[in-house]
Amino acid sequence: RPRPENGGRPYLQPAVANSLKILGLAAPIAWPAVKKRYKELVKRLHPDANGGNKSAEERLKLGNQAYTTLKNHAWS
């Protein structure tokens, strides 16, 4: 629900807001768009696609955590 003190944007739990930020998304957003963005991220950052690049692997881990947070909190 939009809140005036939040610039008219809906209030988000900090974990949810951070997870959206990690995935490069902004609220409000529908679940199919979250899933699409996550799949794009996995394809781009997966170790098989990056020759084992540790930086990409760490970013993928953060993306996995963000996706799990959104799945468990935002659309449950």
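**Entry 1: aromatic rings**

I began with the rings and found 2 aromatic pairs in the structure. One of them is stacked: the rings of Tyr38 and Tyr67 sit 4.0 Å centre to centre, with 15° between their planes. I then looked up where the two partners lie. Tyr38 belongs to helix H2 (residues 31-45) and Tyr67 to helix H3 (residues 54-74), so by the sequence they are 29 residues apart, and the pair links distant parts of the chain. I note here that the model is a predicted one.

Are these two tyrosines buried or exposed? Tyr38 has a relative accessibility of 17%, which is under the 20% cut-off, so Tyr38 counts as buried. Tyr67, at 15%, counts as buried too.

**Entry 2: the chain as a whole**

I stepped back to the overall layout. The protein chain has 3 helices and 0 strands, and its pattern along the sequence reads α-α-α. Of its 76 residues, 22% count as buried. The accessible surface comes to about 5,400 Å², and carbon and sulfur atoms account for 52% of that. I also looked up the contacts between residues at least 6 apart in sequence: 48% of them join residues at least 24 apart.

**Entry 3: helix H1**

Which residues of helix H1 (residues 14-22) are buried? I noted Val16, Ser19 and Leu20. Seen down the axis of H1, the buried residues fall within an arc of 100°, so they line one face of the helix. Pro14 and Lys21, on the other side of H1, are exposed. Just after H1 I found Gly24, which takes a positive phi of about 75°.

I took Ser19 as an example from this helix. Its relative accessibility is 4%, so Ser19 counts as buried. What does Ser19 touch, apart from its neighbours within four places in sequence? It is in contact with Ala66, Thr69 and Leu70.

**Entry 4: Gly63**

Next I looked at Gly63, in helix H3. Gly63 has a relative accessible area of 0% and is therefore buried. Leaving aside neighbours within four places in sequence, I listed its contacts as Ile22, Leu23, Tyr38 and Leu41. Tyr38 is thus a contact of Gly63 as well as a partner in the stacked pair. I also looked up a C-alpha distance: Gly63 and Lys21 are 42 residues apart along the chain, and their C-alpha atoms are separated by 9.9 Å.

**Entry 5: salt bridges**

Last, I looked for charged pairs. Side chains of opposite charge can pair when their charged atoms come close. How many salt bridges does the structure hold? I found 3.

- Glu40 and Arg37 meet at 3.8 Å, N to O. Both lie in helix H2, 3 residues apart, about one turn of the helix. Glu40 is partly exposed at 38% relative accessibility.
- Lys54 and Glu57 meet at 3.7 Å, N to O. They are separated by about one helical turn, because they are 3 residues apart in helix H3. Lys54 is exposed, with a relative accessible area of 59%, whereas Glu57 is partly exposed at 23%.
- Lys61 and Glu58 have their closest N and O atoms 3.4 Å apart. Being 3 residues apart in helix H3, these two are also separated by about one helical turn. Lys61 is partly exposed at 40%, and Glu58 is partly exposed at 44%.

An α-helix has 3.6 residues a turn, so residues three or four places apart point the same way.

Methods:
Residues are numbered from 1 along each chain as its sequence is written. This is a predicted model: local features need pLDDT of at least 70, side-chain atom pairs count only at pLDDT 80 or more; totals for chains, interfaces and linings use all residues. Side-chain values use heavy atoms; hydrogens and water are left out. Rings of Phe, Tyr and Trp (its six-membered ring) pair if their centres lie within 6.5 Å; planes under 30 degrees apart count as stacked, over 60 as edge-to-face and the rest as tilted. Helices (H or I, at least four residues) and strands (E, at least two) are DSSP runs, numbered from the N terminus. Buried means under 20% relative accessible area, exposed over 50%, partly exposed in between (1.4 Å probe, protein chains only). The arc is that of the directions from the helix axis to the C-beta atoms. Contact means heavy atoms within 4.5 Å. Accessible areas come from the Shrake-Rupley method with a 1.4 Å probe; for residues, only the protein chains shown count as cover. A salt bridge is a side-chain nitrogen of Lys or Arg within 4 Å of a carboxyl oxygen of Asp or Glu.
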